[in-house]
Amino acid sequence: MPKRKLAMSEEGGPGAKYARKGKSTNDDDVVERTNALRIEAFRERYLPKDQLIYRPQSPGESHEQDTPSNRATSATDIHMAFRSAQDLTPEELSQCFALVEQTSRPDYEASSWGWHPKRKLREMRDPEMRYLLVNGGSSTGDQVEGFLSFMITHDSHPPVPVLYIYEIHLVESLRKVGLGAHLMQLAEDLARRVGLRKAMLTCFLSNSKARIFYEKRGFTRDVCSPDDRQTRKRIVEVDYVIMSKAVEGALP
């Protein structure tokens, strides 16, 4: 039976993920091969080190100017770390969960999904879950100030290999500086390097800011996103949308 998952937007609002972990017989073993990699091998193969450092954008500064490989390190640089769920320390997991709860609990409680802390923690500990942790201004910092989590799986209809974004959270002080877009770009580029078909996520319909953010990045309603359904007594309205973006095309 499909598992319902929960996701987050850059603006602090929630999204609800509906993920199917079944294997498609029409696809090759890219999902299985990639998930079998140790975290160090995965990072070396698919995640260039310079993409794990981000300098907050200032007016008039281009993406080329903001690339760590062509400018000196700055005290304002934001550092990120790559982890598997199994590699998260108890403190990191606790801080990630606190971000979800602080920014999203009221929205979850008001939705058809509800707020279930134990279920959320089980999801966050899934062995195939991977994290991009934001450590603020220090590559050795021990305070998680944001994160994006994702899983490489099969989804959509018919099922295809995808990178499914489960969560994206930032503390208030790190919003509106381009970091959320940078994290999304990291995920999309990673999906291309792995050889996946789509990047996917889910957003509550009530979270208009998040939906606009994703739409600006090219995400649209996926074919598997459910519609409202009619029962004998009433119409059951869906309060979330599954969104996707095609990412096929090789990257170095």
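Select helix α4 and turn to the face directed away from its buried side, where the exposed residues Lys118 and Arg122 sit; exposed here means over 50% relative accessible area, buried under 20%, and partly exposed in between, with a 1.4 Å probe and protein chains only. This is a predicted model, in which local features need pLDDT of at least 70 and side-chain atom pairs count only at pLDDT 80 or more, while totals for chains, interfaces and linings use all residues. Residues are numbered from 1 along each chain as its sequence is written, and side-chain values use heavy atoms, with hydrogens and water left out.

Now select residues 117-124, the extent of α4, and pick out its buried residues, Lys120, Glu123 and Met124. These residues lie on the same side of α4 because they cover an arc of only 95° around the axis, the arc being that of the directions from the helix axis to the C-beta atoms. Helices are DSSP runs of H or I with at least four residues, numbered from the N terminus.

Next, go to Thr34 in helix α1, which spans residues 30-35. Thr34 counts as buried because its relative accessibility is 1%. A polar atom of the Thr34 side chain lies 2.7 Å from the backbone oxygen of Val30. Beyond the neighbours within four places in sequence, show Phe42, Tyr46, Arg130, Ile152 and Val194, which are in contact with Thr34, contact meaning heavy atoms within 4.5 Å.

Finally, select Cys203, buried with a relative accessible area of 1%, and then Cys224, buried at 14%. With a disulfide taken as a pair of cysteine sulfur atoms within 2.5 Å, the count comes to 0 disulfides.

Terms used:
Helix = DSSP H or I, 4+ residues; strand = E, 2+ residues; numbered from the N terminus. Polar contact = N/O pair within 3.5 Å; in protein donor to acceptor, adjacent residues only side chain to side chain.
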